[in-house]
Every structure is written in structure tokens, then in C-alpha cells.
Amino acid sequence: MMTQSYENDELVFLDEDTNNTIPVKSYQYWNILVVDDDEEIHTVTRLALADLIVNDRKLNFLHAYTAEQAKDVLNEYGAQIAIILLDVVMETDSAGLNLVKYLRESLSLQEPRIVLRTGQPGYAPEETIIKDYDINDYKTKTELTRSKLVTTVIASLRSYQQILTINQSRIGLQKIIDSASNLLEEHSVKSFCEGVVTQLSSLIGLDEEGLVCAKAGSMRDKDSEEIFVIGAAGNYARLINQPVSQLNNPGISENIERCLRYKRHIFEDGTSVLYLHRAGFEAAVYVNMEKELNEVDRQLLEVFLSSISVGYENVHLFHQLRNAAFRDWLTRLPNRNELINVLDQHPPEHHESSAALIDISHFSDINDGLGQEIGNAVLQAVANRLESMTTDRVIKARIGGDVFALVGPIDEVNPENINRIFQSSVQALDHSIPLNVTIGMSEIQDDCFHGLEVLKRTNIALNRAKRHHTENFAFYAPEIEESTTTQLGMIRKLRSDFADTKLQLWFQPQIDLRSGRVAGLEGLLRWPDGKGGYIPPSEFIPLAEYSGLIVDIGRWVLEEACRRISQLRENGYEQLRVAVNISIPQFRDRYFVEKVKTALDRYNCPSGSLELEITESVVMDEPQIVIDALAALKAHGVAIAIDDFGTGFSSMSYLQRLPLDRLKVDRSFVNDIVPGKNAVIAETIVSLGNKLGLVTIAEGVETQEQARYMTELGCDEAQGYLYARPMPFDDLMQFLSGRQG
């Protein structure tokens, strides 16, 4: 290219050296790469910046005359190049910009700063280039006087240094994050203590021969003042985790005890015991040496120990964290996590071992009645009894709350032995408290020796034992787990289908036995099984109650019933009432009464068009809650019926207190009606209903004989297959149209 003329104010020309400056790969210099196909540009640039010093560093010039030569320099120096003074047009019109792209994209180097210099102003759009290629500056060669060039270089160097610092900080932070994941693995008491002994010995020029001792209570979770060896080197390494008394060297033992008792270093002829104390943890470091430490060594050790104590604090903290994760703080027994780990690492002998979960019955009563302090004392007493009345072959653990675990040989871990442990009362502070327990048992089989699976099976047995009334223990059986799995699967499916509005409300007509007209309807919940059939309510209603979903489903049933009442009234069936069943969880909902009223108001339904059906069992479960709620709804005008009457053991006093409108005769008593025989219970219920002034309705009427008999008894209404099966609402409308239209 043509050599341009330059305005060089303040240029100081040195003796020209036609040879390239010898590259110096060092951060003591700022590496400046000059890329230009004009030799004169290289010379002028080098002369103009030769005496420039930035942050106590001189400039080191690297030269390239083509883009390809520049690539070689970039590959060699990489991020050590601070600035690239780059000609835009060289062997090709886009050679300079292609080099920038190679630097940023192919080499992924973001640190070097780029100053574009062009002899052809306006050749490339300045704004686009600077934005797309991370360019620091874009100048024409004619405007780059010495002062402007110096200014540009200084600004670019500052930018380079800032970016380099940020990237180094990022890399350092990444190393911290990566190493943090290994922190707990690398810091163990044993290895750290060995390191202390080794470092101390090395510091004062001795062979490895020493040990670190600590009180049992501070490092080993024991309520004891006994001193244990927690780290050692040389001949003492075999004594790690052993009491100091095992040293068979009274002199060493005495000096270690003195060090911990007086909480200071001991320096005597042939003996040095150093005292470590940090964050409540204390240890004595015995170093075996024949000569007395001089003053310099003592001072050196004092400085070293002040630093090493910080490490001890961390090790002690990690030890405490591990205990918190794997040890029960109250009883000092292994917790659930530790039991699982032990079983996973050392599985018991199959067919010869069993696991037991022991649940203290009514433990909450002890806490509530005597206080948490007594409750904690009871748990500690149970732990001590389990420890004292079982051998070392049995693993003991506290799983949580008032549940303990035993795993060991079948001849020790069995219901008889466990019950024997709790035959006598436990002593908790000043209280002697008798305890009853519930026991879940599982034999450890070939297909189940992992800790989590053992606990799961044993817990299934414990839950089964809690439902027993004859024995206080139960053994795991596969069919129990299969049943539980099936039950949970159905609950998940019910929840999903309810959320997807797949449940349906069907209706079964209730017939006036004297007129033969439809007097009312019972709303019955239906759950499609997805295969053209329906899951029986007797299966899914208990699951809905067990899972708590019955409250939401019950609210939907109320809303749906009121919506259908509104549609019935719009079609001219104002006289029909709709009855829906209410379960005890709905009554426990403090907003139940308001929900009923809200549903009636939303669909503008007369209160008397809705009837709530309850069973005897609901009344007997929470009598006062039920009576209060029904009284409030009765006052609002809602009709009340008692369903399945006579199948339970309800109190007549409760029956008199309930604000009832109807009494339903259970289908089991209607089925007793056969030609030539009296149905005594059905007759009694109808008679009772009449005397109480209640409308009586017979369920499950399937034959004319049953209908005729109930009519003769004075029963008012009936429902059953004789008249109609439960049906969807659209089919109901056709049924009503054909029957009463």
C-alpha cells in the first residue's frame, strides 16, 4: 500500500533499529502487537511509543505484516497481548476484520484490546465495527499524532488490565466453588491430626513421632472426661481412637492430662505438650523429643499453633455437622440417616436378622401432661434401656420423635424380647412412667438388605400394627405393600381426574309411594375408570376421605347439585329436591356452612330444594360439630336426612337433637322383606320416623312386593332399581319428561 504522510508532533526519534524487537513473554512488559503491511508504520509506532511507561511497565512490541503472521503471534501469546494496533486493509480488503473475528471467535480471546488504523477513511462503517467486534478505537492514520496515539494506548491498557483482573477473579471464584464440594471429604479429624503432628515435627526438625489427644466429650459424642487419641504418627499411629490409658506410658499420659487441666503448653526436658483451644474444642499435642525447645522454636511454634487452631476449629465444626446429620442429639444414638448408611455398608446376614421399629404409645400425652423436659428424659431412658438390654450385635437408632429402631439377629430382635424390655416402668427424673409400645417387624430377606428398603418395609408393618387391636406388633408381608401402593396410585389418579373435572354427579329418583310421582333426587358421585366403566364409590370415597380430597370434592358436589337444581327449576320441576351426602371431614371444615349457603345463593336456589344426607357414623364421630352445623343450615331452610338408619349404634338422644326432615331405611332392612315374613326392623324404623314427625324413605326397593309392604307400613317414599337406576343429568331429564310430562 502507499505510504501516507504523518503529522508527528512531539515525536522523539531514536536510533533506528531495523530488526524486530526481541519478544519478551512476560507480564513485566505490556505486549503490543503491530499488524500492518507497511514497514514505515511499524517504525513510526515503535519510535513514538518507545519511552512510554504505564504502571511501571514498558512496552514490548511484536510485529506482523500480514493477517496470517498475526495469527501465528496470537496463537503463541494469546491473552498476554494487551493491545493490537491493526491495519484494516492489508493483503485483502477484509484481512484486518477477519483477524479480529479469528481472535474473538476462534481463539475466544476477549482480553486483548484492538485499535483499528486505516489509511482509507470511511471504508468500513465505524459504529458497526466497534459494536460487533469489541473494538476499543477506530482511527485514521493521519489523525494518530504521537500524543493521540499515547492517549489511545494508555486508555486501552487500562481497559485491558481491568478485563484481565475481572477474568482472573472469575477463574479464582470458580476454583473456590469447585473445591468447596470436596471440603467435607478432605477435612477429617484423623488426617488433620496426623498432619498437625507431622508439621510440628518438621517445623522443629524432628522425625514424625507424636500424637494429638482430646477429651471424649468434645470429639466423640460421649458424656465423659476421658481423653482419647484422635490423631498420631510414627509408632503411636496404632493408638488412634484409643484412650490415653492405652499408651502404657504414665509420663506421657500425665503430661497430656496436665496440659488439658491447666490449659497451657508444657515445655520440659524431653517433653513438649502443646495446648490447642478454639471454639470450645481443646486438644493436647504431644511431641516426642529429647532436647528442650529453645526460645526461637517456642516462638515459632506459638505462631504456628495460632494458625493451626483455626484449622482445628474447622475440623471440629465439620465433626459437629456430621454428628448433627448422623447422630441423634438427645439420645446420642445413630439417627435415621446413619442407620441407613450402616445397613447399606454392612448388611446383616439374610434370613438370620430382623428389623424392628418401636413406637411409644401416647407419647404426646407425656409431653403435654408432664412437660417436654420429662418427655426428653423418657426418650433418654428408653435409649439407655435399649443399650443395656441388647448386645453389641444389635444396631440401635432413634428414627425420629418417639420411634426407635433395632436391627440384629432374630433371636434378639423379636416381639417377645422387645416387649420384655418395656415390662417395667422407666425412670424419667422424679417420675416412674409405664410405657406401652407398638412394634413393626420385618425379616431381612435376600431381596431387601438396603437400609432404605428395610426401613420402608418395617414402617409398613408398624402402621399395620397400629391398626391391630389384639396384638401390639405386626410383621411385614408383601401383600400389605402391594395394597398400599395400589391405594396411593388410586389417590393420585383420583386427584388428577378431579382436577381434570372427570368426576360426574348422577341422579337417582325418589318416588312418592302414594302418588307414584317423583318427589326428589339423590345425587350420587361417579368416577369413570377410563375403560367404559366406573369405580365404585365404596372404593374411592374412603380414599378421598383418607387423603383429605373429600373436602374439595364435597364442595364441588354441592355446587353441581345447586347448578342442576337451577336447571330443573328452569324446566318446570320446581317441586323436586336434590339430596347429597356429607362426610365428617366436610363438617370439620370451619367454612362448611358458609360454603353451602354460597352455593345456594350462586345458583339462586331455594334453601328447601337442597337436602343434606348424613349417616349415623358421621353423627357419632363428631356429634356436637355435626349438630351445630346442621342446626345453622336447618335455620337457613336446608332439608336434613339421616341415611342408612339402623346400621350403626347411634344414641337416641342425638337423634332427638338432630334437626331432621327425613329418615332413610337402609337397603339391608328392605331386603329382609320376603313373602310371608315380617321385616321387624324396617317396621320399627318407619314407626319411629312417623312418631318423630319425619318423612321416611326406603332405599334399595327392587320388587313390587317390597314397595307394597313399605307402603302398608306407612313409609312415605322409596328409591331403587324398581323405579330407576342412577343416571346422568341428560338421561334424568328424559326420564322426568316421560314420567311426569
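**Ground rules**

I number residues from 1 along each chain as its sequence is written, and I leave hydrogens and water out, using heavy atoms for side-chain values. The model is predicted, and local features need pLDDT of at least 70, side-chain atom pairs count only at pLDDT 80 or more, and totals for chains, interfaces and linings use all residues.

**Entry: salt bridges**

I looked up the salt bridges (a side-chain nitrogen of Lys or Arg within 4 Å of a carboxyl oxygen of Asp or Glu). The structure holds 26 of these salt bridges.

I began with Asp359 and Lys466, whose side chains form a salt bridge at 3.5 Å, N to O. Asp359 is in strand β12 and Lys466 is in helix α15 (residues 451–467), so this pair ties together parts 107 residues apart in sequence. I take helices (H or I, at least four residues) and strands (E, at least two) from DSSP runs, numbered from the N terminus. Asp359 is buried, because its relative accessible area is 10%. Lys466 has 45% relative accessibility and therefore counts as partly exposed.

Next I looked at Arg564 and Glu560, which meet in a salt bridge of 3.2 Å, N to O. Both lie in helix α18 (residues 550–570), four residues apart, which is about one turn of the helix. Arg564 is buried at 15% relative accessible area, and Glu560 is buried at 11%.

Lys664 is in strand β25 (residues 662–665) and Glu699 is in the loop between β26 (695–698) and α26 (704–713), so I have a link between distant parts of the chain, 35 residues apart. Both Lys664 and Glu699 are buried. They also belong to a network of salt bridges that links Glu522, Glu613, Lys664 and Glu699.

**Entry: helix α25**

Which residues of α25 are buried? I found Ala682, Ile685, Val686 and Gly689. They cover an arc of only 95° around the axis, which means they are on the same side of α25. The arc is that of the directions from the helix axis to the C-beta atoms. On the other side of α25, Val680 and Lys691 are exposed.

I then checked what covers the buried residues, and the cover includes β24 (639–645), β25, α24 (667–670), β26 and α26. Contact here means heavy atoms within 4.5 Å.

Helix α25 (residues 680–691) has 12 residues and reaches 16 Å from its first C-alpha to its last, close to the 16 Å expected at 1.5 Å a residue. The expected span is 1.5 Å times one less than the number of residues. Just after α25, Gly693 takes a positive phi of about 75°.

**Entry: cysteines**

How many disulfides are there? I counted zero, taking a disulfide as a pair of cysteine sulfur atoms within 2.5 Å. Cys562 is in no disulfide, and the nearest cysteine sulfur, that of Cys605, is 4.6 Å away. Cys562 is buried at 0% relative accessibility. Cys259 is buried too, with a relative accessible area of 0%.

Tyr275 is in strand β10 (residues 271–278) and is buried at 12% relative accessible area. Its C-alpha is separated by 6.3 Å from that of Cys259, 16 residues apart along the chain. Not counting residues up to four places away in sequence, Tyr275 touches Cys259, Leu260, Lys263, Arg264, His265, Glu282 and Ala283.

Arg113 is in strand β5 (residues 113–118). Is Arg113 buried or exposed? At 2% relative accessibility, Arg113 counts as buried. With residues up to four places away in sequence again not counted, its contacts include Ala82, Asp134, Asn136 and Tyr160.

**Entry: positive phi**

Most residues other than glycine have a negative phi. I noted two residues with a positive value. Arg332, which is not a glycine, has a phi of about 65°. Arg332 is in the loop between α10 (295–326) and α11 (336–345), and at 36% relative accessibility Arg332 counts as partly exposed.

The phi of His362 is near 55°. His362 lies in the loop between β12 (353–360) and α12 (363–370). At 61% relative accessibility, His362 counts as exposed.

Note on methods: Buried < 20%, exposed > 50% of the residue type's maximum accessible area, 1.4 Å probe, protein only.
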